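Work through these exercises with the model open beside you. Try each task before reading its solution.

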Amino acid sequence: MTVLPMFPLEHPLLPGEPLTLNVFEPRYRSLVADVLAGDGRFGVVLISRGSEVGGGDERCDVGTVAQLIGHRVRVNDQIQLACRGTDRLRVTAWLEDSPYPRADVELWPDDPIGRDEWALARIPFTSVLVEAQALYDEVSARSGRPPVTLGAPDDLPPTEYTFRTAATLPLGAADRYAILSAHGARERLDAMIRAVDDVLPILRDRLDR
């Protein structure tokens, strides 16, 4: 077990994603000071109920380790952090906020998946992703907005592929948390199919107007 400072947010951080935080609450300025004095790591979890400011929130137990890359002090003593998600974590016990949230955590690697199983799991997901990309391309062309590129390089390992692909999808917090919480890459593909299937009718409706 490892004790990590924890930063609850209203949006899940996925492994590999960049994260920018503007810190102004005194308790989180204390967290930043301890992170800077340590190895630069802290945990990020989704708030299931409540808000980021003021405390009293309820927190999910699956999250991501964030690695601090850089920081700067802004006006009014706000601290801007540049971070990147690294490993997935599970909270085994929440500790007393003293003064900021802390938890006992363990890293949670994906369940293993064989090459043949992975290849078969990719087939239905690729079909959905291709359809979503075509709809986004048409929406972008009609609206004049910059094109959106979905997906990640096909030759990435399963875990990295699924998280990098998920980061490109226009999903809400609940869908992102379901993807983060999936036991392995195959289950994560299934979660992404369900999430993208919910978005496709919205895109089709935009094109029909």
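**Exercise 1.** Is Arg122 buried or exposed?

Solution. Start with the ground rules. This is a predicted model: local features need pLDDT of at least 70, side-chain atom pairs count only at pLDDT 80 or more, and totals for chains, interfaces and linings use all residues. Residues are numbered from 1 along each chain as its sequence is written, and side-chain values use heavy atoms, leaving out hydrogens and water.

Now the residue. Arg122 has a relative accessible area of 13%. Buried means under 20%, exposed over 50%, partly exposed in between (1.4 Å probe, protein chains only). Therefore Arg122 is buried.

**Exercise 2.** Which residues touch the most other members of the largest nonpolar core?

Solution. A nonpolar core is a set of buried Ala, Val, Leu, Ile, Met, Phe, Trp, Tyr and Cys residues joined through side-chain atoms within 4.5 Å. The largest has 35 residues; Phe125, Tyr161, Leu169, Leu189 and Met192 touch the most other members. Helix H5 (185-208) is among the elements giving two or more residues. H5 supplies the largest share, ten residues.

**Exercise 3.** Where does Pro99 lie, and what kind of peptide bond joins Ser98 and Pro99?

Solution. Pro99 is in the loop between strands E5 (79-94) and E6 (102-107). The bond is cis, with omega about -10°. Most peptide bonds are trans.

Conventions: Helix = DSSP H or I, 4+ residues; strand = E, 2+ residues; numbered from the N terminus.
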